[in-house]
Amino acid sequence: MNMIAKLEQQLRELDERSLTRRRRVVDTPCAPRLVVEGRPLLAFCSNDYLGLAAHPALVEALREGASLYGAGSGASHLISGHTRAHEQLEERLAAFAGPHLENARALSFCTGYMANLAILTALGADADAEIFSEQLNHASLIDGARLARARVSLYPHAGLAELEALLAASTAATKLVVTDSVFSMDGDLAPLPALLALCEQHGAWLVVDDAHGFGTLGANGRGALEHFNLRSPNLVYMGTLGKAAGIGGAFVAAHASVIELMIQRARPYIYTTAAPPALAHALLASLDIIGGAEGAARRAHLNAVIAQFQQGLRLERWQRPASPTAIQPIIIGENAEALRAGAGLYGQGLWVAAIRPPTVPAGTARLRVTLSAAHTHEDVAQLVAALNLLEGS
Ligand SMILES: *Cc1c(COP(=O)(O)O)cnc(C)c1O
């Protein structure tokens, strides 16, 4: 078989299992109302939880950042790409996460994917380290654990007793417990207070991936650590800036020594070009909104549409696991049925992502509804009515 025929065979196999993915081309800014391939749609699939991605103040800050710093950074952070904008952003982020950490410092990244690789490869660099990873962790944490030299042990979803047994049995010199704070396909929260207590008891780091909590959880939008009122030198916090913050990038906040080690050692930090400084400049405006009265009002509206969605659904066949966050999964089961449900909604002008393995475990294909502060109550009522009808049909 020649090389191309072999690839085509693999693609056919994906298609036979209803696993082929396709991209849709969006012609308008990220918002509930989109034009997609010429069609107007009402979308429930972005992670723009506070509706900031197209906010006029951020668009203006991006323009201002480009006129101050130009278009590109030109180099990695350790050469000449680390601008005043990046430095200011890191100072602001360290202050933002500061109440929850000891001697906090922050480090900015181009993406959350890279930040997770950096944390796990820097702290889990040695063969005498052990990473304890939650079963439903995001792919970037799984890949970071694969890339680290540390030994990797999985513990079940919310499996505190299993984790405790693993920690007690471990003789590793460095222990890293790694978890999503808000699980990206289920929307539920990790039991962070109990996890932190275990980590403190066993001398382990607790790495918290707060991609979906940063900006949305906590009275000031500081995320899961604020929500649970946690503070510890054992915490290594990762927040992303392309979801609720509406722009792009990510950061790690932790004790200054953790950050210094990452600057010296983390290859996903060292060997890549710094993000365009205008993004860092615009993120300062995003942090102003998140931490101010407008952010609080947006979080309050987000919580109101989440409650409306939960109260309105009347499902009998499909499963609806309890989720207190903007991520509201509807578990359908079979890949083909999930795709049909997604297509049925799409036909009515509603865009909800159908998620299949390997993103979720086999047999749990689902619709992943994400709600945003930019959705109106009318938007949510339209989706709820369509879902209630679709399940019965
Ligand atoms: C989105 C996401 C990431 C990756 O962040 P990016 O900035 O999009 O690369 C990491 N972890 C979780 C849980 C996520 O949902």
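These legends accompany several close-up views of a predicted model.

View 1. Let us start with the ligand, which is surrounded by 14 residues. Gly-112, Tyr-113, Asp-209, His-212 and Lys-243 are the closest of them. Sorted by class, the shell consists of nine polar, three charged and two nonpolar residues.

View 2. The side chain of His-212 has an N or O atom 2.5 Å from an oxygen atom of the ligand. Tyr-113 takes part through its backbone, where an N or O atom lies 3.0 Å from a ligand oxygen. For His-138, a side-chain N or O atom is 3.4 Å from a nitrogen atom of the ligand. On its own the ligand has 380 Å² of accessible area, and the protein covers 82% of that.

**View 3. A three-stranded open sheet.** The strands in this view follow the order β1-β2-β11, and their pairing is mixed. β1 (33-36) and β11 (350-351) are at the edges, and each has a single partner strand, so one side of each is left without a neighbour in the sheet. Strands of a sheet pair through backbone hydrogen bonds, either parallel or antiparallel. β1 and β2 (residues 39-43) run antiparallel and are joined by four bridges. To find your way into this pairing, look for Arg-33, whose bridge partner in β2 is Leu-42.

**View 4. Helix α1 from start to end.** Helix α1 runs over residues 3-16. At its start, a side-chain oxygen of Asn-2 comes within 3.1 Å of the backbone nitrogen of Ile-4.

View 5. Side chains of opposite charge can pair when their charged atoms come close. In the whole structure, a search finds 11 salt bridges. The one to look at here is formed by Arg-92 and Asp-288, whose closest N and O atoms are 2.9 Å apart. Arg-92 belongs to helix α4 (residues 84-97) and Asp-288 to helix α12 (residues 277-291), so the pair ties together parts that are 196 residues apart in sequence.

View 6. Our last stop is the backbone itself. Where does Pro-358 sit? Its place is in the loop between β12 (353-355) and β13 (365-370). A cis peptide bond, with omega of about 10°, joins Pro-358 to Pro-357. In the loop between α4 and β3 (104-109) you will find Asn-103. Asn-103 is not a glycine, yet its phi is positive, at about 50°. Asn-229 also has a positive phi, near 55°, in a residue other than glycine. The loop that holds Asn-229 lies between α9 (224-227) and β8 (235-240).

Definitions and conventions: Residues are numbered from 1 along each chain as its sequence is written. This is a predicted model: local features need pLDDT of at least 70, side-chain atom pairs count only at pLDDT 80 or more; totals for chains, interfaces and linings use all residues. Side-chain values use heavy atoms; hydrogens and water are left out. A residue is near a molecule or strand if one of its heavy atoms lies within 4 Å of it. A polar contact is a pair of N or O atoms within 3.5 Å; within protein, one must be able to donate a hydrogen and the other to accept it, and residues adjacent in sequence count only if both atoms are side-chain atoms. Accessible areas come from the Shrake-Rupley method with a 1.4 Å probe; for residues, only the protein chains shown count as cover. Ala, Val, Leu, Ile, Met, Phe, Trp, Tyr, Cys and Pro count as nonpolar, Asp, Glu, Lys and Arg as charged, and the others, Gly among them, as polar. Two strands pair if DSSP finds at least two bridges between them. Helices (H or I, at least four residues) and strands (E, at least two) are DSSP runs, numbered from the N terminus. The expected span of a helix is 1.5 Å times one less than its number of residues. A salt bridge is a side-chain nitrogen of Lys or Arg within 4 Å of a carboxyl oxygen of Asp or Glu.
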